[in-house]
Structure formats: C-alpha cells, structure tokens
Number of protein chains: 2
Amino acid sequence: MTNPITQFRGGDHGPWQVVNRRHLTGPAIPAFDRLAIGPEQPGPAPWQARGFNSNLRYTTARERSELLANGAPADRGDQCAVLIPMSKNAAWWALAQDERLAIYARARHMRIGMTVLPAVSRTLFHGRDLGEPFDFLTWFEFAPSDEPAFDAMLAQLRASEEWDYVSAESEIRLRR
Amino acid sequence: MTNPITQFRGGDHGPWQVVNRRHLTGPAIPAFDRLAIGPEQPGPAPWQARGFNSNLRYTTARERSELLANGAPADRGDQCAVLIPMSKNAAWWALAQDERLAIYARARHMRIGMTVLPAVSRTLFHGRDLGEPFDFLTWFEFAPSDEPAFDAMLAQLRASEEWDYVSAESEIRLRR
C-alpha cells in the first residue's frame with residue numbers, strides 16, 4: 001500500500017521561495033519563506049497542509065479530450081508557481097452533484113481554465129476528506145512571461161458565481 | 001483537525017460476529033471471527049481496512065430529496081450487517097464524470113438501492129484516495145426479516161452494467 005498523500009511544508013527549507021502572499025478570505029496562514037512538496041513527513045513545520053490527487057470529479061468526456069490535447073506536462077521546470085489553499089462552505093458541500101455541475105457550467109470554470117493551456121499546468125489536491133483545514137490545494141506552474149495570462153484567468157474565476165461558496169482562500173506565489 | 005478516517009478491524013474482538021463470508025472477485029481477504037469499527041487504531045490486526053465518508057458524488061437533487069424523505073436512520077440498533085469491500089478497475093477510474101453518471105443511470109443504481117429504503121441503511125466509505133486495497137467499503141444494516149429484500153437488491157445491482165467495472169469484491173455478513 002503506497003501513501004498517496006502529498007504534504008506542502010512551509011518554513012526555512014525547500015526548493016520554492018515565497019515571493020508574494022495574499023490573504024483573501026477566511027483564516028490566514030502563517031508567514032514562511034520557503035516551501036517543500038513531497039510525501040508526508042513526521043514532525044512540526046511552521047505551516048503544513050496535506051491533500052491527495054484523485055480521479056476527475058466534474059470533467060465531462062469532451063472536456064477531458066480537450067485537456068488531453070492541450071494539457072500542460074507536469075514537471076516542465078517552470079520557474080513560477082502559485083499555491084492556492086481554499087475551502088468551500090457548508091452550502092457547497094450540501095449540494096447534489098447536478099447542482100454543483102450546474103454552477104461549474106454557469107461559472108464557465110473549465111472554459112476559463114482552458115484559456116491558459118498549455119502555458120499553465122495545474123494539479124489539484126483534495127484535503128477535506130482528510131480533515132484538513134483546506135478543502136483544496138491547487139498548484140499552478142508557468143513561465144514568468146505567462147503570469148499576466150494566469151492573473152487574468154484567476155480574476156475571471158474569482159468573479160464567477162462559484163466563488164460565492166468560497167469560505168477560505170489564500171494565494172502564495174513562488175519562484176524555483 | 002479531527003481525523004475523519006474510519007477503520008474496520010477484523011479479528012477476535014468487536015461487537016459484530018461474522019456469520020457468513022463470500023469471495024466474489026479479485027484478491028480474497030483473510031478469515032476472522034469478529035469485527036470492530038471505529039477511529040484508526042495503531043498496531044496490526046488480522047485484517048483491517050480504512051475509508052472516509054464523504055460528500056455525495058453522483059446523487060442528483062431529486063434523488064437526494066427522496067433519500068432524505070425515505071432514508072434509514074443510522075444507529076437504529078439493527079441486528080444484521082453486511083460489509084462489502086470493493087474495488088473498480090482502471091477503466092472505471094479513467095472515465096469522465098458524465099460517462100460514470102450515464103453508467104449509474106443505465107444500471108439504475110440509485111433506483112435499485114431505493115427499493116429497500118428505509119429498511120436497509122447504507123454508509124459508504126472511500127478508501128482509494130488513501131491508497132487502500134479496496135476503493136470502497138459499503139456498510140449495510142437491517143433487521144433479520146429484511147434480509148431477503150437486501151439479497152434481491154444486491155443481486156439486481158450485481159447483474160447491472162456497473163459491475164463490469166468491479167475488479168474486487170467480498171461480502172461479510174455479521175450479527176450484532
């Protein structure tokens with residue numbers, strides 16, 4: 001049995017240096033200078049968060065085909081990364097699957113995200129089912145020249161109906 | 001942070017006595033006499049499996065309303081229980097959400113399950129994202145007189161298209 005849980009550890013160590021941090025909603029996270037990502041490690045850290053990558057939950061077959069055709073390869077060595085720890089509220093989690101799918105469709109979540117492919121790679125980690133403070137940890141990587149496109153994409157998503165359900169959100173920008 | 005993971009421990013202890021076991025597909029699980037269910041415990045056990053209860057993944061708003069109206073209360077003190085550890089194959093997990101929803105609809109999964117409400121209570125635990133051998137641990141409770149209805153429901157589900165994707169399945173029947 002392999003442990004599929006990934007841990008983000010913020011502190012004095014790690015290959016990623018924090019260059020900017022922003023607190024948007026809900027509980028803030030403590031400041032740290034560097035970030036390491038890997039399997040779960042014992043022992044305390046100034047900040048840590050865990051999650052698992054999982055199967056696709058809302059993606060249709062058509063969207064999946066587009067993702068496979070235009071998706072960004074992981075571990076491309078991009079110099080910029082952004083970690084967005086986020087939680088959604090109780091109203092979101094009480095929704096039925098068709099209600100959540102309708103919100104994603106109206107918010108144009110997949111459409112907006114696809115506008116930055118393949119420049120921006122995205123990896124989603126789920127924390128809620130582990131009892132973590134953040135339901136999601138989304139990890140993005142891109143080249144410095146693609147940061148304006150990333151910013152525009154993020155602003156569009158945050159303006160959508162889906163964000164009415166966001167109860168906690170922080171943004172940590174890093175350089176390798 | 002509370003640990004939302006539930007552990008099933010099979011061995012010589014626990015409130016549930018094994019009265020029948022059946023191996024259907026994939027790797028068999030070792031024999032044990034009694035079963036305990038609770039928070040994760042350290043230390044080995046003759047058999048153990050873990051999972052977390054999560055948000056609804058495929059249930060529509062209409063189905064959820066029916067479940068709320070007819071659902072079985074948990075911890076009713078029913079004398080019979082059935083644990084079904086199960087995994088689905090790689091083809092299932094590679095499906096997009098709309099493809100899985102279509103299979104559930106064609107298999108009439110929710111319709112069939114609702115035929116035994118409120119006599120049979122059901123709790124689903126997810127193990128796949130924890131790296132567990134079984135993707136799902138489904139726990140059913142009912143009164144002895146409802147066992148024939150439970151058996152008929154289970155036979156209908158197993159005859160459906162959804163079961164083409166089942167790669168491992170065992171069935172453990174217990175008495176309190």
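Student: Through which surface do the copies meet?

Tutor: The copies meet through the same surface, because 100% of the interface residues of chain A are also interface residues in chain B; two residues are taken to be in contact if their C-beta atoms, placed from the backbone, lie within 7 Å. This is a predicted model, in which local features need pLDDT of at least 70 and side-chain atom pairs count only at pLDDT 80 or more, while totals for chains, interfaces and linings use all residues. Residues are numbered from 1 along each chain as its sequence is written, and chains are lettered from A and ligands numbered from 1 in the order in which they are written.

Student: How many residues does the contact take from chain A and from chain B?

Tutor: The contact takes 24 residues from chain A and 24 residues from chain B. On the side of chain A that touches chain B, the elements giving two or more residues are α1 (61–70) and α3 (97–107) of chain A, and α3(A) gives the most, with 3 residues. Helices are DSSP runs of H or I with at least four residues, and strands are runs of E with at least two, numbered from the N terminus.

Student: How are two copies of a chain related?

Tutor: In general, two copies of a chain are related by a rotation about an axis and a shift along it. Here, a rotation of 180° with 0.0 Å of shift along its axis superposes chain A on chain B, with an RMSD of 0.0 Å, and the two copies are thus related as by a two-fold rotation axis. In chain A, the C-alpha nearest the axis belongs to R57(A), 3.9 Å from it. The superposition is by least squares on the C-alpha atoms of residues with pLDDT of at least 70 in both copies.

Student: Which residues of helix α3 of chain B are buried?

Tutor: A residue is buried if 20 or more other C-beta atoms, placed from the backbone, lie within 10 Å of its own. In α3 (residues 97–107) of chain B, the buried residues are Q97(B), R100(B) and Y104(B). They cover an arc of only 70° around the axis, which puts them on the same side of α3(B); the arc is that of the directions from the helix axis to the C-beta atoms. The buried residues of α3(B) pack against α4 (109–114) of chain B, and α3(B) is followed by R108(B), whose phi is positive, near 55°.

Student: How many helices and strands are there in chain A?

Tutor: Chain A has 5 helices and 8 strands, which run β-β-β-β-α-β-α-α-α-β-β-α-β from the N terminus on.

Technical notes. A residue is buried if 20 or more other C-beta atoms lie within 10 Å of its own, exposed if 12 or fewer, and partly exposed in between; C-beta atoms are placed from the backbone.
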